Amino acid sequence: MQIGYYPGCSQEGTAKEYDKSLREVLKVLDVDPTEINDWSCCGATSAHVTSHKLSLALSARNLALAEKQGLKEIFAPCAACYNRLLTSKNELQEHPEQKYEIETIIEEKINNIPEIYNIVNFFQKIGKDKIAEKKKIDLKNFKAACYYGCLLVRPSGINSDDSEQPNSMEEIVKATGAQTIDWNFKLECCGAAHSIARQDIVVDLSKKILDDAIKHGANLIVVACPMCHSNLDMRQQNIKSKFSDFKEIPVLYLSEILGLALGFDKKQLGIDTHFIEFNLPVRNDVQEVSA
Amino acid sequence: MSHHNTTHVRTISDDITDITSQNPELCYQCGKCSAGCPMRNYMDDAPNVIVRYIQLGLFEKAMNSATIWLCAGCLTCSSRCPKNFDLAKFMDAVREVALRNGVKVKEKTILKFHKAFLKQIKNHGRSYEVGLVRDYKMATFDLFSDVENSPKMLLDGKLNIFPHNVKGKDKIKSIFEKTEVKKCK
């Protein structure tokens, strides 16, 4: 399968392991991602909170580049990039006069904007049967809390998943043999881009999310966004220093849990670079699926 | 009719509507947005109150609030609004208009973060964390907080020492020059 790939800035930096694990997993699933040539930042939170046109134009440049490259479908593994690209696509399509203005600003024509998938939708497209078919290890001891965060399924109607009770990520995770838990905070905000300027807020909100997952029996959290990962994994250091009774819990990217089921080890997937050590038994205590 | 010559005086509300393409009068103040807002605890005015300010023409009150800067853009409100009013987009517009009007921003560190982030994009086309943290710390004079996680990230290769410059760097710069909002305090 061919697909256009918009990595987004985090995949080259703070979320390198997300990119690494994703590429390994896609190879096994016979997907050949084509990077958008010379892609640039979507503008993220900082653009849309300060200038509507800047935000539209930065996303539109990438959509125009993808179109020029002949890509009919693209996927963005970062939930924030996905949301920005899709929001811009919708606005450009709904407001022709705005589209004309943005085309002038970016000096590119936009005609057929590609289909845009987030990582969960994209794995749905690949199919859970395909994942199950390539599975080498059954992760039956895993009790995963699937965390959607804010931007994967919002605003409502953005994709086929429900914006209050989504279930698409659970369906993918279950294909690894892992159990998924029911919990209350799968859509609660972690504080997102306030991580640096208002760390106090992010520490409070992330703690509530992590506590709820633990309370409902999870032994790991699965995320599909570099910002969510950074707040839920790295900020556990800061949570621990503020709340001495806090119990830590590992946080995996969706591509990492899939990678474990496909037989990769922690290092191959970059899981060793997380702040919270991942030490759930994978190979030794867990039954291998017979070939 | 005697009123047909009356000219409408443009207000901040019109500027907001230009950005959002939605009428603020849509909101009937049910408060569902504020009830589900994860940031409400940290805000001064509740999110629905910001809409009310604009409806009543109390533009300064809206633009001076900490609320507009604390909104994390999580879209919970926009998803739940019974009138399909996109409040997150409205908050974006109030911030933008506040910046254009040179309003004194209440949550200074948050704006400094956004400026430091955008500076990297303007110069390189992609995010550059080392530059972001450097510029943010210079702007806030807060050099030593929140640095305990950096050594591990450097070792793991997650903080690139040098920026990646996209080939279309000049185009990105020109996009910024045509669209960024400069006037602000």
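Reply: Happy to. One term before we start: two residues are in contact if their C-beta atoms, placed from the backbone, lie within 7 Å. Also keep in mind that this is a predicted model.

Me: Zooming out, how many residues does each chain put into the contact between A and B?
Reply: Chain B gives 51 residues and chain A gives 48 residues.

Me: Which helices of chain B supply its side?
Reply: Those with at least two residues each on the side of chain B that touches chain A are α6 (76–80), α7 (87–100), α8 (108–124), α9 (129–140), α10 (150–155) and α11 (169–179). The most comes from α8(B), with 8 residues.

Me: OK, switching to chain B by itself. How many helices and strands does it have?
Reply: Chain B has 11 helices and 0 strands. Its C-alpha atoms fill a box of roughly 70 × 35 × 30 Å along the principal axes.

Me: Where are the domains of chain B?
Reply: Domain 1 of chain B runs over 12–100 and domain 2 over 108–179. Their C-alpha centres lie 28 Å apart.

Me: Now a pair within chain B: how do α1(B) and α7(B) cross?
Reply: Their axes come within 9 Å and cross at roughly 130°, where α1 of chain B covers residues 12–20. The two helices are therefore oblique to each other. The crossing of α1(B) and α7(B) is right-handed.

Me: Which residues meet there, between α1(B) and α7(B)?
Reply: From α1(B) you have B:I12, B:D15, B:I16, B:I19 and B:T20, and from α7(B) there are B:K89, B:F90, B:A93, B:V94, B:E96 and B:V97. The contact of α1(B) with α7(B) splits into 7 nonpolar, 1 polar and 3 charged residues.

Me: Over to chain A. What's it built from?
Reply: Chain A has 13 helices and 8 strands. The box filled by its C-alpha atoms is roughly 60 × 45 × 30 Å, taken along the principal axes.

Me: What radius of gyration does chain A have, against that of a compact globule?
Reply: Chain A has 19 Å, and a compact globule with 291 residues would be near 19 Å, so the two agree.

Me: Where are the domains of chain A, and how far apart are their centres?
Reply: Chain A is divided into domain 1 (2–119) and domain 2 (133–273). The C-alpha centres of these two domains of chain A lie 23 Å apart. Their contact takes 22 residues from domain 1 and 26 residues from domain 2.

Me: Which elements of domain 1 touch domain 2 of chain A?
Reply: α1 (16–28) and α4 (79–94) of chain A give two or more residues each to that side. The largest share, 9 residues, comes from α1(A). In total, the side of domain 1 of chain A that touches domain 2 has 12 nonpolar, 6 polar and 4 charged residues.

Me: Last topic, the backbone. Which peptide bond is cis in chain A?
Reply: The bond from A:R154 to A:P155 is cis, with omega near -5°. You'll find A:P155 in the loop between β5 (143–146) and α8 (168–174) of chain A.

Me: And what about the phi of A:E107?
Reply: A:E107 has a positive phi of about 55° although it is not a glycine. This residue, A:E107, lies in the loop between α5 (96–106) and β4 (115–118) of chain A.

How values were computed: Residues numbered from 1 in each chain as written. Chains lettered and ligands numbered in written order. Predicted model: local features only at pLDDT ≥ 70, side-chain atom pairs only at ≥ 80, totals over all residues. Helix = DSSP H or I, 4+ residues; strand = E, 2+ residues; numbered from the N terminus. Domains from an automatic or database assignment. Nonpolar A, V, L, I, M, F, W, Y, C, P; charged D, E, K, R; others polar. Axes fitted to C-alpha atoms, helices over the stretch in contact; angles between N-to-C directions. Parallel < 35°, antiparallel > 145°, perpendicular 65-115°, else oblique. Left-handed = near helix turned anticlockwise from the far one by under 90°. Rg over C-alpha atoms; globule rule 2.2 N^0.38 Å.
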